[in-house]
Amino acid sequence: MLARSLAVQGLISGLKTVILDTDPQGTVVSWSRRRQAAAPAVMGLGSRGIGETLSDFAKRGADLVFIDTPPHAQPVINLAASVADAALLVTGPYPEDLEQVSVVVGIVQNLNKPAGIVLNKTPSRAHALALARAALTTFNLPLCPTAITQLVAHPYASAEGMSAQEWETDSRAAVELAELWGWVQKCLLVG
Ligand SMILES: Nc1ncnc2c1ncn2[C@@H]1O[C@H](COP(=O)(O)OP(=O)(O)OP(=O)(O)O)[C@@H](O)[C@H]1O
Ligand SMILES: [Mg+2]
């Protein structure tokens with residue numbers, strides 16, 4: 001959801017963004033089939049390697065490529081992390097979510113590239129969020145100050161091949177995505 005939403009937010013701010021969906025589930029590719037708008041371009045990995053696909057995007061004038069990866073520690077996460085300029089780790093707020101993210105933290109910390117974490121699907125209850133924030137400080141990676149709240153705007157938008165800020169402009173979901181995009185630009189897309 002965040003790969004799609006950030007790619008749309010990039011488009012809104014005037015960048016030619018594309019998404020490379022490396023997840024065999026292909027949920028971003030399916031989303032793009034439901035989508036009316038042509039941009040952002042979405043491509044599955046297919047039989048070509050990540051490097052070759054990225055240079056193809058560069059030749060076609062892409063400003064920014066989002067590589068969506070499978071949720072668990074699979075070899076493609078190592079590959080994606082090695083070719084990417086930066087990594088954004090997305091995690092839910094609960095102990096099981098945080099356990100999963102620790103493996104990916106290990107992968108990106110070894111690469112010495114800009115990396116950060118964002119909490120997604122957070123409940124409105126402040127206590128759960130505070131516990132998750134505290135647990136994430138142990139990873140020593142910057143944490144986006146805006147957590148992305150669990151809101152129906154996200155799946156509703158997705159059903160229409162849209163992102164929440166297109167589906168409901170000025171909604172809480174839209175505001176949070178804009179804040180996340182600002183933080184990503186400042187902390188991860190440096191240089
Ligand atoms: N903040 C949110 N609020 C409500 N629903 C959300 C939120 N984030 C994601 N979802 C919904 O949860 C489902 C899975 O989300 P998402 O695709 O982001 O997760 P994922 O971890 O990448 O899962 P997958 O294994 O399917 O790739 C989707 O239906 C999506 O619309
Ligand atoms: Mg996914």
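This is a predicted model: local features need pLDDT of at least 70, side-chain atom pairs count only at pLDDT 80 or more; totals for chains, interfaces and linings use all residues.

Two strands count as paired if DSSP finds at least two bridges between them.

- An open sheet is built from three strands in the order 4-5-6, and the pairing is parallel.
- Strand 4 (87-91) and strand 6 (148-149) form the edges, and because each has a single partner strand, one side of each remains without a neighbour in the sheet.
- Strand 4 and strand 5 run parallel and are joined by five bridges, among them the one that pairs Ala 87 with Ala 115 in strand 5.

**Positive phi angles**

- Most residues other than glycine have a negative phi, and most peptide bonds are trans.
- Asn 112, although not a glycine, has a positive phi of about 55 degrees, and this residue is placed in the loop between helix 5 (95-109) and strand 5 (115-122).
- Asn 112 counts as exposed because it has 7 C-beta neighbours inside 10 Å, where the cut-off for exposed is 12 or fewer.
- Lys 121, which is likewise a residue other than glycine, has a positive phi near 60 degrees, but Lys 121 is found in strand 5.
- Lys 121 has 17 C-beta neighbours inside 10 Å and therefore counts as partly exposed.

**Cis peptide bond**

- The peptide bond that leads from Ala 39 to Pro 40 is cis, its omega being near 0 degrees.
- Pro 40 itself belongs to the loop between helix 2 (27-34) and strand 2 (41-44).

Methods: Residues are numbered from 1 along each chain as its sequence is written. Chains are lettered from A and ligands numbered from 1 in the order in which they are written. Helices (H or I, at least four residues) and strands (E, at least two) are DSSP runs, numbered from the N terminus. A residue is buried if 20 or more other C-beta atoms lie within 10 Å of its own, exposed if 12 or fewer, and partly exposed in between; C-beta atoms are placed from the backbone.
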